[in-house]
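Please look over the sequence and the model below before reading on. The briefing that follows goes from the whole chain to single residues.

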Amino acid sequence: GEYPVQLGIAYLFLVGYLVRTLFVTMRLPASVGVILSGFAFSFFFQADIFFGRDLLQQLAFFLVLLTAGLEITLKDLRPYIFIMACLPASLEVLAIAAYAVRAMDWSIIE
């Protein structure tokens, strides 16, 4: 029979954590241990777990951003940081809009 998807993911997390802990104990990079456990599990996974992989990747990205956001303090927020964050994005939006108006004959409102 097939395992439930939740049980397969639980096994993956458990083995990944144990291998990570083993690698940290041996003073090796923990990320390599996690990658190796994921590689080993790739031979035993059911197709259902592969479909959940995209959701897990989005969750991991969300958690990384959340962790980074929790480490920011008000002292870290300076005006030049906002400028360096917003200026490239604003220029990119303006360039796309200019291209749409010139090359694609869109109106400014579109």
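Two residues are said to be in contact when they have heavy atoms within 4.5 Å of each other. With that cut-off, and leaving aside neighbours within four places in sequence, Ser-37 is in contact with Val-15, Gly-16 and Val-19. The model is a predicted one, in which local features need pLDDT of at least 70 and side-chain atom pairs count only at pLDDT 80 or more, while totals for chains, interfaces and linings use all residues. Residues are numbered from 1 along each chain as its sequence is written, and side-chain values use heavy atoms, with hydrogens and water left out.

**Overall form**

- The protein chain has 5 helices and 0 strands, where helices (H or I, at least four residues) and strands (E, at least two) are DSSP runs numbered from the N terminus.
- The radius of gyration of the protein chain is 22 Å, well over the 13 Å that the globule rule gives for 110 residues, so the chain is more spread out than a compact globule; this radius is taken over C-alpha atoms, and the rule is 2.2 Å times the number of residues to the power 0.38.
- Along its principal axes, the C-alpha trace of the protein chain spans about 60 × 40 × 20 Å.
- Among contacts in the protein chain between residues at least 6 apart in sequence, 45% join residues at least 24 apart.

**Burial and the nonpolar core**

- Of the 110 residues of the protein chain, 11% count as buried, a term that means under 20% relative accessible area, with exposed meaning over 50% and partly exposed in between (1.4 Å probe, protein chains only).
- The largest nonpolar core has 5 residues, namely Ile-9, Leu-12, Phe-41, Phe-45 and Ile-49; such a core is a set of buried Ala, Val, Leu, Ile, Met, Phe, Trp, Tyr and Cys residues joined through side-chain atoms within 4.5 Å.
- Within this set, Ile-9 is in contact with Ile-49, and also with Leu-56, once its neighbours within four places in sequence are left aside.

**Helix H2**

- Ser-37 is found in helix H2 and is buried, with a relative accessible area of 5%.
- Gly-38 also lies in helix H2, which covers residues 30-41, but Gly-38 is partly exposed, with a relative accessible area of 28%.
- Gly-38 and Leu-12 are 26 residues apart in sequence, yet from C-alpha to C-alpha they are 7.3 Å apart in space.

**Positive phi outside glycine**

- Arg-27, in the loop between helix H1 (5-25) and H2, has a phi near 60°, a positive value in a residue other than glycine, and Arg-27 is exposed, with a relative accessible area of 79%.
- Asp-105, in the segment after H5, has a positive phi of about 55° although it is not a glycine, and Asp-105 is exposed, with a relative accessible area of 67%.
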